[in-house]
Amino acid sequence: LLPVVVIAGRPNVGKSTLFNRLSGRRTAIVSDTPGVTRDRKDAEALLRGRRVRLIDTAGLEEAAPDTLYGRMRASSEYAVSEADLVLFCIDARSGITPADQHFATWLRRQGRPVLLVANKAEGKAGAAAAMESFSLGLGAPCAISAEHGEGLADLMAEIVERL
Ligand code: GDP
Ligand code: MG
């Protein structure tokens, strides 16, 4: 059985873009519209010679504002419960949001290993969010740009090290 790596986080942080990068596939739907990923997507990926099962989670599509956190949990709960490693993604450009904080708090309680990923950190965008993200209590962030392909080698090394 392959180790399961789950990509989690609120909508629009770039989870599907990262999924595509790591899997080398174009199966996940990437969109500017939050919540456009309808289903969990699975792919086998080869990360530095290590085969893993990669899962892109949906986020919180069609969530009413008052049930936002509940839906976020529900859609990612099963995937996270199966995870050997969770890549918890935040957006380095927007910084930490209440949704990120809520999700991080929930994630810490799940007891699965978590690697914090600060995406959209191309150029100098990552520095402030990287500092801020320590407050999530999930350790040091791995700064990447999924879209521009920056920091991915280091991220893959970090993933493999933790499996
Ligand atoms: P998801 O909802 O978390 O799956 O996010 P998506 O992968 O669908 O991406 C949401 C938006 O962020 C899209 O417009 C992507 O092109 C954009 N995006 C993804 N990764 C990056 C990145 O590294 N840098 C920047 N600037 N934008 C990104
Ligand atoms: Mg998506």
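In this predicted model, the buried residues of helix α4 pack against strands β4, β5 and β6. That's a handy way in, and from there we can walk through the rest of the fold. The protein chain has five helices and six strands, and along the sequence they come in the pattern β-α-β-β-α-β-α-β-α-β-α. Buried residues account for 42% of the chain's 163 residues.

**Helix α4**
- Which residues of α4 are buried? They are G126, A129 and S133.
- Those three span an arc of only 75° around the axis, so they sit on the same side of α4.
- As a general point, an α-helix has 3.6 residues a turn, so residues three or four places apart point the same way.

**The sheet**
- Six strands make up an open sheet with mixed pairing, and their order is β2-β3-β1-β4-β5-β6.
- At the edges you'll find β2 (41–47) and β6 (142–143), each of which pairs on one side only.
- Take β4 (residues 85–91) and β5 (residues 114–119): they pair in the parallel sense, over six bridges.
- Within that pair, L87 is opposite L115 of β5.
- Helix α4 (residues 126–133) packs on the sheet here, touching β4, β5 and β6, and its direction is at about 150° to that of β5.
- Another helix, α1 (residues 15–23), lies across β1 (4–8), β2, β3 (50–56), β4 and β5, and it runs at about 155° to β3.

**The nonpolar core**
- The largest nonpolar core holds 38 residues, and the ones touching the most other members are V6, V86, L87, F88, C89, V117 and A118.
- What does F88 touch, once you set aside its neighbours within four places in sequence? Its contacts are A8, G9, A104, L107, V114, L116, V117 and L138.

**Helix α5**
- The buried residues in α5 are L155, M156 and I159.
- Viewed down the axis of α5, these buried residues fall within an arc of 100°, so they line one face of the helix.
- Over on the other side of α5, the exposed residues include A153, D154 and E161.
- What do the buried residues of α5 pack against? They meet β1, β2, β4, β5 and β6.

**Two loop residues with positive phi**
- Most residues other than glycine have a negative phi, which makes the next two worth a look.
- R48 sits in the loop between β2 and β3, and its phi is positive, near 50°, though R48 is a residue other than glycine.
- Is R48 buried or exposed? It counts as exposed because it has 10 C-beta neighbours inside 10 Å, and the cut-off for exposed is 12 or fewer.
- K120 is found in the loop between β5 and α4, and K120 also isn't a glycine, yet its phi is positive at about 65°.
- K120 counts as buried because it has 24 C-beta neighbours inside 10 Å, where buried takes 20 or more.

Key. Residues numbered from 1 in each chain as written. Chains lettered and ligands numbered in written order. Predicted model: local features only at pLDDT ≥ 70, side-chain atom pairs only at ≥ 80, totals over all residues. Pairing = 2+ DSSP bridges. Helix = DSSP H or I, 4+ residues; strand = E, 2+ residues; numbered from the N terminus. Contact = placed C-beta atoms within 7 Å. Axes fitted to C-alpha atoms, helices over the stretch in contact; angles between N-to-C directions. Core = buried A, V, L, I, M, F, W, Y, C linked by C-beta atoms within 7 Å. Arc of directions from axis to C-beta.
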